[in-house]
Amino acid sequence: MTAPDKLESREGYCPVYDIECPSGTEAAASCENRFSADYNPLTSFRDSDIQHCAIYRKEQAEQASSEANTISKDESKSNKDGE
């Protein structure tokens with residue numbers, strides 16, 4: 001896979017955690033440009049904001065996933081109890 005192909009396949013994804021960007025394709029492209037330049041969240045507020053957003057979104061996705069698993073386990077248990 002060439003570099004342009006790699007970037008094209010990640011269009012709309014966060015460059016930090018490779019999850020779909022909730023802010024849209026333009027925001028993801030902006031973050032990708034910043035990330036591939038001189039990205040340093042320790043010295044740049046803008047870069048730390050990118051990192052904070054990525055961490056927050058990743059936590060949200062993990063929480064939603066764990067809640068979905070809990071709900072499906074509870075439904076399975078209640079279906080077995082009802083039989």
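Helices (H or I, at least four residues) and strands (E, at least two) are DSSP runs, numbered from the N terminus. The exercises below concern a predicted model, in which local features need pLDDT of at least 70, side-chain atom pairs count only at pLDDT 80 or more, and totals for chains, interfaces and linings use all residues. Residues are numbered from 1 along each chain as its sequence is written, and side-chain values use heavy atoms, with hydrogens and water left out.

**Exercise 1. Place Ala61 in the fold and state how far its C-alpha atom lies from that of Ile19.**

Solution. Begin with the elements: the chain has 3 helices and 0 strands, in the order α-α-α from the N terminus on. Next, find Ala61, which belongs to helix H3, residues 45-82. Ala61 counts as partly exposed because its relative accessibility is 40%, where buried means under 20% relative accessible area, exposed over 50%, and partly exposed in between (1.4 Å probe, protein chains only). Finally, although Ala61 and Ile19 are 42 residues apart along the chain, their C-alpha atoms are separated by 8.9 Å.

**Exercise 2. Determine how many disulfides the structure holds, and account for the state of Cys14.**

Solution. Apply the criterion first: a disulfide is a pair of cysteine sulfur atoms within 2.5 Å. By this criterion the structure holds 0 disulfides. For Cys14, the closest cysteine sulfur is that of Cys53, at 6.4 Å, and therefore too far for a bond. Cys21 is likewise in no disulfide, its nearest cysteine sulfur, again that of Cys53, being 6.0 Å away. Then turn to burial: Cys14 is buried, with a relative accessible area of 11%, and Cys21 is buried as well, at 12%.

**Exercise 3. Describe the largest pocket by its volume, its lining and the elements that contribute to it.**

Solution. A pocket is an open set of points on a 1 Å grid over the protein atoms alone, where a 1.4 Å probe fits, with protein on both sides within 12 Å along at least five of seven lines; lining residues have an atom within 4 Å of a point. The largest pocket holds about 190 Å³ of space. Of its 13 lining residues, those closest to the centre are Cys21, Ser23, Cys31, Ile50 and Cys53. Two elements, helix H2 (25-36) and H3, each give two or more residues to this lining, and H3 gives the most, with 6 residues.

Notes:
Points joined across faces, edges and corners; volume = space filled by probe spheres on them.
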